[in-house]
Structure formats: structure tokens, C-alpha cells
Amino acid sequence: MASKEKEFAQLIKDNQGLIIKVSRLYTNSLEDEEDLFQEIVLQLWRSYDSFKGNSKISTWMYRVALNTAITLFRKKTKSLPTNELDINHRDFVEDDDDKQQQISLLYTVIKTLPNVERAIVMMYLDDLPYKDIAENLGITEVNARVKMNRLKKTLKEKMEKYA
């Protein structure tokens with residue numbers, strides 16, 4: 001394998017959690033999640049040569065992953081829009097531990113948010129600074145902070161409603 005390909009493969013391996021999170025939050029089935037993961041990796045490969053290093057590698061990867069996810073999400077007109085999901089806490093596996101149930105519920109609630117808000121929450125949960133969140137989404141840092149504060153309230157209300 002060529003040096004560039006090895007470098008890219010290692011980059012994907014080191015950052016696969018980021019890609020998995022994006023894939024999980026923008027799909028409704030394991031099959032779609034796997035397809036989106038592959039599409040994101042493909043888009044990262046296609047744009048790998050154009051990465052100049054002006055930002056952190058994770059910032060670039062988030063931008064490509066989110067753009068890919070949102071583009072594919074918009075193209076899928078046949079699937080049920082995630083903001084119309086029927087959320088019922090009893091749908092979660094009962095033998096899961098409490099922490100896993102809370103995580104599953106959180107992902108389900110996050111999926112009800114519009115695309116940009118979903119991305120903000122995901123990056124916030126990954127401890128990205130507001131500066132990076134703003135850069136990834138093309139908004140101001142202040143706007144990212146305001147949106148996240150509002151989203152915290154929204155998520156808390158939804159979690160309480162469905163818990």
C-alpha cells in the first residue's frame with residue numbers, strides 16, 4: 001500500500017468514532033448507518049488531497065462527514081424524517097443497563113432535532129470548543145454558544161418527557 005493510502009487508513013482508524021457518531025445520528029437503521037459510514041470515508045478520501053492543514057484534522061473530518069450526511073439525508077425522500085419519529089421509551093431493550101438506556105434515549109432524542117442543531121449537539125458532546133463548532137458550521141462562535149444553550153433546555157425537556 002502506498003504511503004498516502006497508509007496514512008489515510010490510519011487517519012480513518014484513529015477517527016472512526018467521529019464518523020460512527022455522525023453516521024448514527026443521521027440514520028435510522030444499521031444498514032443505513034453502515035452505508036453512510038462508507039460514503040463519508042469515500043468523501044474523505046476524495047477530498048484528502050485538498051486538505052491543506054489550515055485547520056485541525058478533526059475539524060476537516062467533521063465538516064466532510066456532516067456535509068455528506070446532510071446531503072444524503074436530503075436525498076432520501078422515501079425514508080421517514082427523523083423529526084417525526086415516534087419515540088417511546090418502552091421500545092428500548094429492557095435488559096440494557098441504565099446507562100446504555102440513557103445513551104440510547106439521548107441518541108433518539110437528538111435525532112428529532114433539525115440537521116444543524118443535531119450537528120451542534122454531537123460536536124458539543126465530543127468536547128469540541130465553540131470556536132471549532134462555529135467553524136465547522138459556518139456560524140459565529142457566539143451563535144454556536146446561544147444555540148447550544150437553547151438546545152440544552154430542549155434536550156432536557158425531551159429527555160424528561162420520554163424517560
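Author: A residue is exposed when its relative accessible area is over 50%, buried when that value is under 20%, and partly exposed in between. The model discussed here is predicted.

Reader: What makes D127 count as exposed?

Author: The relative accessible area of D127 is 67%. The cut-off is over 50%, so D127 is exposed. D127 sits in the loop between α6 and α7. Although D127 is not a glycine, its phi is positive, about 60 degrees.

Reader: Which residue follows α7, and what is its phi?

Author: G138 comes after α7, and the phi of G138 is positive, near 70 degrees. Within α7, which covers residues 130-137, the buried residues are Y130, D132, I133, A134 and N136.

Reader: Why is L137 called partly exposed?

Author: L137 has a relative accessibility of 23%. L137 belongs to helix α7. Leaving aside residues up to four places away in sequence, L137 touches L66, V116, A119, I120 and M123. The C-alpha atoms of L137 and R63 are 7.5 Å apart, while 74 residues separate the two along the chain.

Reader: How many helices and strands does the chain have?

Author: The chain has eight helices and zero strands, and its pattern along the sequence reads α-α-α-α-α-α-α-α. Of its 163 residues, 36% are buried. Among contacts between residues at least 6 apart in sequence, 64% join residues at least 24 apart.

Reader: What makes α6 roughly perpendicular to α8?

Author: The packing angle of α6 and α8 is about 90 degrees, and their axes are 10 Å apart. The class takes angles from 65 to 115 degrees, so α6 is roughly perpendicular to α8. On the α6 side the contact involves E117, I120, V121 and Y124, and on the α8 side K147, M148, L151, K152 and L155. By class, this contact of α6 with α8 has six nonpolar, no polar and three charged residues.

Reader: At what angle do α2 and α5 pack, and which residues make the contact?

Author: Helix α2 (residues 16-25) and helix α5 (residues 98-110) pack at about 65 degrees, with axes 9 Å apart. From α2 the contact uses K21, R24 and L25, and from α5 it uses I103, S104, Y107 and I110. Those residues of the contact of α2 with α5 divide into four nonpolar, one polar and two charged.

Reader: Which residues touch the most other members of the largest nonpolar core?

Author: The largest nonpolar core has 40 residues, and I19, V22, Y26, L44, M61 and M123 touch the most other members. Each of α1 (3-14), α2, α3 (30-47), α4 (57-75), α5, α6 (115-125), α7 and α8 (141-162) supplies at least two residues of this core. The largest contribution is from α4, with eight residues. In soluble globular proteins, nonpolar side chains tend to be buried together.

Reader: Why is the pair of F8 and W45 called edge-to-face?

Author: A search of the whole structure finds six aromatic pairs. For F8 and W45, the ring centres are 4.9 Å apart and the planes stand at 65 degrees. Pairing needs centres within 6.5 Å, and edge-to-face needs planes over 60 degrees apart, so this pair is edge-to-face. F8 lies in helix α1 and W45 in helix α3, so the pair ties together parts 37 residues apart in sequence.

Reader: What makes the pair of F51 and W60 tilted?

Author: The ring centres of F51 and W60 are 5.1 Å apart and the planes are at 40 degrees. Stacked needs under 30 degrees and edge-to-face over 60, so the pair is tilted. F51 is partly exposed because its relative accessible area is 22%, whereas W60, at 11% relative accessibility, counts as buried.

Reader: Which residues form one aromatic cluster?

Author: F8, W45, Y48, F51 and W60 form one aromatic cluster.

Conventions
Residues numbered from 1 in each chain as written. Predicted model: local features only at pLDDT ≥ 70, side-chain atom pairs only at ≥ 80, totals over all residues. Heavy atoms only, no water. Buried < 20%, exposed > 50% of the residue type's maximum accessible area, 1.4 Å probe, protein only. Helix = DSSP H or I, 4+ residues; strand = E, 2+ residues; numbered from the N terminus. Axes fitted to C-alpha atoms, helices over the stretch in contact; angles between N-to-C directions. Contact = heavy atoms within 4.5 Å. Nonpolar A, V, L, I, M, F, W, Y, C, P; charged D, E, K, R; others polar. Core = buried A, V, L, I, M, F, W, Y, C linked by side-chain atoms within 4.5 Å. Parallel < 35°, antiparallel > 145°, perpendicular 65-115°, else oblique.
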